[in-house]
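Hi everyone, thanks for making time. Please bring the structure up on your screens, and we'll walk through it together.

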Amino acid sequence: AISPRIIELITRVSNEFGGRTIKVVSGYRLGKTSKTSRHRHGKAMDFIVVNVPNKAVRDFVKTFNRVGVGYYPNSHFVHLDVRKQWTYWIDYAGPGQAPRYAGFWTR
């Protein structure tokens with residue numbers, strides 16, 4: 001099942017940016033995903049908001065509590081997941097590349 005909280009947060013994103021189309025890059029997934037992946041448990045989404053800079057989306061979702069926010073400037077999406085502690089990271093890898101993390105931050 002998809003987490004009701006991730007749906008609530010994506011709805012807040014939509015409302016913040018005037019109801020613009022949200023394109024899901026990756027939502028629920030299995031396959032080679034690790035068993036602990038929040039994607040595997042319906043608690044994460046990689047997405048873009050059409051015609052809104054990813055930096056603006058990133059900055060908005062970073063204001064949420066108890067979330068993970070991943071910024072992927074070379075893959076061109078923002079990651080959002082629900083978790084117990086606010087966490088933020090940047091990954092400079094491009095599509096299909098191994099992760100190249102610039103760091104992780106928590107509150």
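On the cut-offs, buried means under 20% relative accessible area, exposed means over 50%, and partly exposed is in between, using a 1.4 Å probe and protein chains only. You'll find L30 in the loop between β1 and β2. Its C-alpha atom is separated by 9.0 Å from that of H41, 11 residues along the chain.

Before going further, a word on the source. This is a predicted model, where local features need pLDDT of at least 70 and side-chain atom pairs count only at pLDDT 80 or more, while totals for chains, interfaces and linings use all residues. Residues are numbered from 1 along each chain as its sequence is written, and side-chain values use heavy atoms, with hydrogens and water left out.

Now the sheet. It is open, with 6 strands in the order β1-β2-β4-β3-β5-β6 and mixed pairing. When I say strand or helix, I mean a DSSP run numbered from the N terminus: E with at least two residues for strands, H or I with at least four for helices. Two strands pair if DSSP finds at least two bridges between them. At the edges stand β1 and β6, each with a single partner strand, so one side of each has no neighbour in the sheet. From one strand to the next, the twist averages 25 degrees.

Let's look at β3 and β4. Strand β4 has 6 of its 6 residues buried, so the rest of the structure largely encloses it. F77, H79 and D81 point one way from β4, while V78, L80 and V82 point the other way. Strand β3, residues 67–72, also has 6 of 6 residues buried, so it too is largely enclosed. On β3, V67, V69 and Y71 cover one side and G68, G70 and Y72 the other, and all are buried.

How do these two strands meet? β3 and β4 pair in the antiparallel sense over 6 bridges. They form a hairpin with 4 residues between them, and H76 in the turn has a positive phi of about 65 degrees. In β4, V78 is the bridge partner of Y71, and V78 is also the bridge partner of F47. The parallel piece comes from β3 and β5, which pair over 4 bridges. There, Y71 stands opposite I90 in β5, and G68 stands opposite T87.

Lying across β1, β2, β3 and β4 is helix α1, residues 4–16, which runs at about 140 degrees to β4. For that angle, axes are lines fitted to C-alpha atoms, for helices over the stretch in contact, and angles run from 0 to 180 degrees between N-to-C directions.

Over in strand β1, residues 22–26, we have S26. S26 counts as buried because its relative accessibility is 14%. Leaving out residues up to four places away in sequence, S26 touches H39, A44, M45 and D46; contact means heavy atoms within 4.5 Å. N51 is exposed, with a relative accessible area of 70%.

Last stop: the largest pocket, with a volume of about 440 Å³. A pocket here is an open set of points on a 1 Å grid over the protein atoms alone, where a 1.4 Å probe fits, with protein on both sides within 12 Å along at least five of seven lines; lining residues have an atom within 4 Å of a point. The volume is the space filled by probe spheres set on the points. The pocket has 23 lining residues, and R29, Y72, F77, D91 and Y101 lie nearest its centre. Elements giving two or more residues to that lining are β2 (44–49), β4 (77–82), β5 (87–91) and β6 (101–106).
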